[in-house]
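User: Can you walk me through reading a helix pair and a ligand shell? I'd like the general idea, then the case here.

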Amino acid sequence: MDEPRRAVVVDAVTKRFTLRHARSIKNMTLRTLHGKRLRDRFTALDAVSVTIDVGEAVALVGLNGSGKSTLLKIISGVMPPDEGSVRVRGRIAGLIEVGAGLHPDLTGRENVFLNGAILGMDREETLRKFDSIVEFADIGRFLDQPVRFYSSGMFMRLAFSIAVHTDPDVFLIDEVLAVGDPLFRRKCIERLHEYRDSGRTMVVVAHDANLLRQLCTRGVFLEDGRVRWDGDIDTAADMLLKKRQERRRAEANPSGAVEAGR
Ligand SMILES: Nc1ncnc2c1ncn2[C@@H]1O[C@H](COP(=O)(O)OP(=O)(O)OP(=O)(O)O)[C@@H](O)[C@H]1O
């Protein structure tokens, strides 16, 4: 990446998934006999380009299925794009899926070291930060239990704590703040504010428009895998609320929606 101010460059990224319509042999036979397709290609992201500068806090906003999580996964590198490219500058940490990065059979303590290493910390750095990680995660006596016995809140607390302690240059967060108790949520939000104010880069997916307004300054609104808006967060959050309202109306009055769609 030549431009020093660029933290993330997503260039014309397209991602397609295969939708299988038949799961059983019987179903496959029936569909074939009726001349129906067994699978379709579905475009989840369609030539998406987004450039994020160092220090920006960007929300990916949109209705369910608009492509937010897919875009975040592609930025994190856990999923490759079919077309286009992504470049990220610096250490990246992602809380992308619940449990991502934590190994269920290992204890909390072991996961701190394993996940820390995956996220780029060496043993010395992890040792230095260990107490702080455990304290923030507040997992107490569960530290030496396998994490598969953790509640979803505890799981998330540990994952969040490890990730934030790696001091990433780019922090990717998907719906993490929906899990866990309100107290922890507040702690995470405070931590994210500090993180943002220290000039690092953050990309957040969340469904809570008010939270996104608090955390982010810029919003990228996705619809059907395309960027419909890329600008101030308030406009993006308002678009989300408006789209939700339209969808609710359409669901409450399906015939009206069909007429309106004509
Ligand atoms: N691995 C996959 N295989 C097939 N389809 C997928 C896969 N992952 C996502 N999709 C589909 O791609 C579309 C975009 O999904 P994505 O999870 O990115 O949306 P989203 O905006 O994050 O939605 P949500 O708000 O519900 O999390 C959806 O229609 C989804 O069903």
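User: How are H3 and H4 oriented relative to each other?

Analyst: Angles under 35 degrees count as roughly parallel, over 145 as roughly antiparallel, 65 to 115 as roughly perpendicular and the rest as oblique. The axes of H3 (residues 108–118) and H4 (residues 123–137) cross at roughly 125° and come within 11 Å, so the two are oblique to each other. Axes here are lines fitted to C-alpha atoms over the stretch in contact, with angles from 0 to 180 degrees between N-to-C directions; helices are DSSP runs (H or I, at least four residues), numbered from the N terminus. Bear in mind that this is a predicted model: local features need pLDDT of at least 70, side-chain atom pairs count only at pLDDT 80 or more, and totals for chains, interfaces and linings use all residues. Residues are numbered from 1 along each chain as its sequence is written.

User: Which residues of H3 and H4 meet?

Analyst: Contact means C-beta atoms, placed from the backbone, within 7 Å. Val-112, Phe-113 and Gly-116 of H3 meet Thr-126, Phe-130 and Ile-133 of H4.

User: Now Gly-62: buried or exposed?

Analyst: Buried takes 20 or more other C-beta atoms within 10 Å of a residue's own, exposed 12 or fewer, partly exposed in between. Gly-62 has 27 such neighbours, so it's buried. Gly-62 sits in the loop between strand S3 (57–61; strands are DSSP E runs of at least two) and H2. Beyond four places in sequence, its contacts include Phe-221 and Leu-240.

User: Which residues are around the ligand?

Analyst: The test is a C-beta atom within 6 Å of the molecule. Among those that pass are Phe-17, Gly-62 and Lys-68. H2 (residues 68–76) gives the largest share, three residues.

Methods
Contact = placed C-beta atoms within 7 Å.
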